[in-house]
Each structure stands twice: as structure tokens, then as C-alpha cells.
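Colleague: I would like to go through this structure with you, step by step. Shall we start with the charged pairs?

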Amino acid sequence: MSTQLRQPAEVLFAAELKALVATDDRPRPAGWALSPQAVCDYLMGGSLADGTEISPKYIGNRRLIETAVATLVTDRALLLLGVPGTAKSWLSEHLAAAIAGDSTRLVQCTAGTDEQQLRYSWNYAVLLAKGPSKDALVPTPLMRGMQDGSIVRLEELTRMGSDVQDTLITILSEKLLPIPELEMAVHAVRGFNVIATANTRDKGVNELSSALKRRFNVVVLPLPATIEEEAAIVTKRVGEIGTALQLPEVPRAEAEIARLVTIFRELREGATADGATKLKSPSGNLSTAEAISVMLGAWSEAGYFGSGAIDAHTLSANMVGAIVKDPMADRVVLDEYLETVVRKRKDWADLYAAVREVM
Ligand SMILES: Nc1ncnc2c1ncn2[C@@H]1O[C@H](COP(=O)(O)OP(=O)(O)OP(=O)(O)O)[C@@H](O)[C@H]1O
Ligand SMILES: [Mg+2]
């Protein structure tokens with residue numbers, strides 16, 4: 001097993017991608033490793049003609065994925081939008097892996113990102129010795145992606161300043177990156193496109209200018225529609241991540257996952273699953289991604305300190321940490337939920353006691 005802590009999608013799923021390339025007989029857009037249909041199959045899973053099983057990466061509506069993939073064939077870039085934890089980054093990584101065979105051309109956009117991190121910068125030692133030359137140029141992931149015709153990922157696009165965002169307009173509409181110092185320009189090679197992600201819940205974001213918005217097709221990723229779907233996502237991802245982290249073996253914990261997902265959904269939606277009781281929502285974000293983190297925490301704790309099985313005890317300590325982000329207001333919310341909902345569910349007595357113990 002590799003010692004690398006986290007491997008990119010194209011390495012982890014190299015066998016699946018190879019099998020898809022071998023069986024894919026549909027036309028491929030220039031610069032693409034696979035046909036758009038095969039990219040969808042890679043993301044949604046299924047079995048191939050040669051018997052290879054493709055595991056599902058995205059669990060949800062196939063139509064969304066088709067729209068996303070179809071966008072990337074056009075001259076418009078793709079913007080994945082949604083609340084935190086709706087698999088925007090995850091989907092972006094897998095799309096890049098399937099289309100370009102490389103998901104590592106990545107720029108993390110922050111309030112401190114400047115134009116140099118998007119376009120290019122200079123190696124000052126070489127610049128001083130030789131003057132402006134190609135040798136002195138330090139390309140960014142975006143510039144490399146243009147040069148080799150691959151997919152470039154921009155994470156959290158709306159966190160960087162609007163003026164910096166607008167650097168992208170020329171790149172996306174003219175497919176051109178001017179380098180005035182060298183009196184040249186980098187022309188994007190076929191296969192180049194951009195996948196950006198942005199979440200709709202962050203404060204202090206910078207709205208895209210309408211000129212830039214027009215260069216993107218927006219696909220909104222929803223939270224899972226049902227408890228069953230969300231529990232299936234959590235079960236699958238916890239299994240994968242926990243195994244990759246080599247956590248001690250524990251029995252499967254479907255029942256605890258179902259309880260956790262129910263609690264998160266009820267608090268998020270501000271009502272019990274049956275709609276009978278109205279609830280207050282905590283300040284933090286209780287998405288599928290948080291549920292995955294809580295279960296992994298519970299697994300680790302159960303494996304090293306607990307009874308060896310994920311139970312109400314190991315679940316509760318991790319769960320309270322996820323729900324109570326504001327020590328005053330969220331505690332009140334959780335307290336009310338415990339008394340009005342958890343306490344009244346017959347088979348949840350163990351959970352009620354365990355949460356009370358750590359609160
Ligand atoms: N519909 C889904 N299908 C498969 N995995 C999902 C789904 N929803 C969430 N996940 C899982 O949730 C985890 C978090 O997803 P990811 O980091 O991509 O979220 P995000 O939308 O980028 O969040 P943020 O806005 O916080 O960056 C991943 O492990 C991902 O596999
Ligand atoms: Mg993300």
C-alpha cells in the first residue's frame with residue numbers, strides 16, 4: 001500500500017479508468033481521455049461490457065452529471081454551486097480525473113489570491129540574471145492546463161477578489177493568456193477547460209461579475225433527497241476513507257449512521273422527519289460531509305478507546321462537537337432537541353444518556 005496519505009482520484013481509480021478507456025468506443029472530444037458518456041459512467045458507476053465493475057462516485061441525479069459533463073465539451077466553463085459538503089470538490093476532482101487523467105491542476109482561491117497565482121509569476125533569481133525570458137517564467141496550474149489541454153480546478157472561486165476573478169474573462173472567452181513582458185501569449189490547447197466550485201453559505205464572498213458569470217454554466221448540487229440516500233452516501237464514504245486511513249476493524253454501523261443522519265437532517269430542516277415537531281437549527285453546517293467526519297471520528301474512537309464497536313457513546317462525543325459550534329446558542333438548540341425529540345424515542349434512550357453525559 002502506498003504511504004501517500006491521500007491519493008488523487010486518477011491514481012485510486014486507475015484500474016476503472018483503464019477499463020473504461022479500453023471499452024469506450026464512442027467519439028471522444030479532442031483532448032479528452034474518454035467520451036462524455038463514459039465520463040458519466042465513471043461518475044455514476046455500473047458494469048462494463050468486459051465485466052469490470054465501476055463504483056459509483058457521485059450518488060444522486062444522473063441528469064446533473066450529464067449537464068456538467070456536457071458543459072465541459074462546450075466553450076463555457078463549469079461552476080459547481082451548493083451549500084458546504086454537497087460533493088462539489090469531490091465531483092470536480094473526479095471529472096478532471098476522468099476527462100484529463102489529472103486532477104491536480106488546482107488553484108485554491110482565497111481572499112489573498114492575486115493575479116500572479118492565476119496567470120504566472122517570475123523566478124526572480126533567473127529574472128535578474130537573464131532578464132525576462134521563458135526560463136524565468138513560473139507557470140501556474142492554470143497556465144499549465146492551457147498549455148497541455150487539461151482541466152483546471154478552481155476551488156472556492158468566490159472567495160477571491162472580484163478584480164482577480166475577472167482575470168479569468170480573457171482566458172475563458174479568448175482562450176488566451178497574454179504575457180506582455182515577453183510579447184507573447186499562451187494559447188489554450190483543445191481539451192482545456194475550467195471547473196470552479198463555490199459555496200452558497202460562506203460569508204464575505206465576492207459575487208461574480210456578470211461578464212464572468214456568462215462564461216460559466218452553473219450546476220447546483222443539492223443535499224441528498226432522502227434519509228436513505230444520505231445514509232448510503234455516508235456508509236460508502238466512511239468505509240472508503242476509514243479503510244484508506246487503516247483504522248482498526250469494527251463491525252458495520254448502519255444503525256448508528258441512520259440515527260446520525262436522521263438527527264442532522266432534522267436539525268438542518270428545522271422539523272422532525274414526520275413533520276410533527278418544529279425545531280431550531282444550529283448555527284453550523286450539518287451536511288453529509290459533517291456526518292461523514294463524525295462517523296470517522298466515532299470509528300477511530302471505538303477502535304482505539306471504546307468497546308470496539310461504534311455505539312451511542314462513541315457517536316455522541318463526536319456528534320456534539322459537530323452540532324455545538326457556538327457554545328451558547330447551539331447548546332440551547334441541542335438541549336431542546338434532546339428533550340423534545342431524542343428523549344421521546346423509545347429505542348434512543350442509550351443515545352439520550354450518552355449525549356447528556358458529554359454535554
Ligand atoms: N451526493 C454525494 N455523492 C457522493 N459523495 C458525497 C455526496 N455528497 C457528499 N459526499 C461526500 O461528502 C464529502 C465532502 O464533499 P466535498 O468536500 O466535495 O464537499 P464540498 O461541496 O466541496 O464542500 P465545501 O463547500 O465545504 O468545500 C466527500 O467525501 C464526498 O464524497
Ligand atoms: Mg469544497
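Colleague: How many salt bridges does a search of the whole structure find?
Modeller: Keep in mind that this is a predicted model. The search covers the whole structure, and the number of salt bridges it finds is 26.

Colleague: Which residue does the side chain of R26 meet in a salt bridge?
Modeller: R26 lies in the loop between α2 (14-23) and α3 (36-44), and its partner lies in helix α3, so the pair ties together parts that are 15 residues apart in sequence. The N to O distance is 3.7 Å. The partner is D41.

Colleague: Are R26 and D41 buried, exposed or partly exposed?
Modeller: Buried means under 20% relative accessible area, and exposed means over 50%. R26 has 33% relative accessibility. D41 has 22%. R26 therefore counts as partly exposed, and D41 also counts as partly exposed.

Colleague: How far apart are the closest N and O atoms of R268 and E230?
Modeller: These two residues form a salt bridge. R268 lies in helix α13 (residues 254-269) and E230 in helix α12 (residues 227-244), so the pair ties together parts that are 38 residues apart in sequence. The closest N and O atoms are 2.9 Å apart.

Colleague: Is E230 buried or exposed?
Modeller: The cut-off for buried is under 20% relative accessible area. E230 has a relative accessible area of 0%, so E230 is buried.

Colleague: Which residue forms a salt bridge with R356?
Modeller: The closest N and O atoms of this pair are 2.8 Å apart. R356 sits in helix α17 (residues 349-358), and its partner sits in helix α16 (residues 329-340), 17 residues apart. The partner is E339.

Colleague: Which residues do salt bridges that share partners join into one network?
Modeller: R26 and D41 meet in a salt bridge, and both belong to the network. Its members are D24, R26, R28, D41, R62, R63 and E66.

Colleague: Let us turn to a strand. Which residues point one way from β7, and which the other way?
Modeller: In a regular strand the side chains alternate between the two faces of the sheet. Strand β7 covers residues 151-155, and five of its five residues are buried. One way point I151, R153 and E155; the other way point V152 and L154.

Colleague: Which residue of β10 stands opposite R153?
Modeller: Strand β7 is joined to strand β10 (residues 193-199) by four bridges, and the two run parallel. The residue opposite R153 is I195.

Colleague: Which residue stands opposite E155 in β7?
Modeller: Three bridges join strand β4 (residues 106-108) to β7, and these strands also run parallel. The residue opposite E155 is Q108.

Colleague: Now the domains. How much area do domain 1 and domain 2 bury between them?
Modeller: Domain 1 spans 9-220 and domain 2 spans 227-358. Seven residues of domain 1 are in contact with twelve residues of domain 2. Carbon and sulfur atoms carry 55% of the buried area. The area buried between the domains is about 760 Å².

Colleague: Which three residues supply 57% of the area that domain 1 buries against domain 2?
Modeller: These three supply more than any other three residues. They are I59, W90 and R201.

Colleague: How many residue pairs are in polar contact across the interface of domain 1 and domain 2?
Modeller: Zero salt bridges are found across this interface. For polar contact, the number of residue pairs found is three.

Conventions:
Residues numbered from 1 in each chain as written. Chains lettered and ligands numbered in written order. Predicted model: local features only at pLDDT ≥ 70, side-chain atom pairs only at ≥ 80, totals over all residues. Heavy atoms only, no water. Buried < 20%, exposed > 50% of the residue type's maximum accessible area, 1.4 Å probe, protein only. Pairing = 2+ DSSP bridges. Domains from an automatic or database assignment. Contact = heavy atoms within 4.5 Å. Buried area = accessible area lost by both parts, 1.4 Å probe. Salt bridge = Lys/Arg side-chain N within 4 Å of Asp/Glu carboxyl O. Polar contact = N/O pair within 3.5 Å; in protein donor to acceptor, adjacent residues only side chain to side chain.
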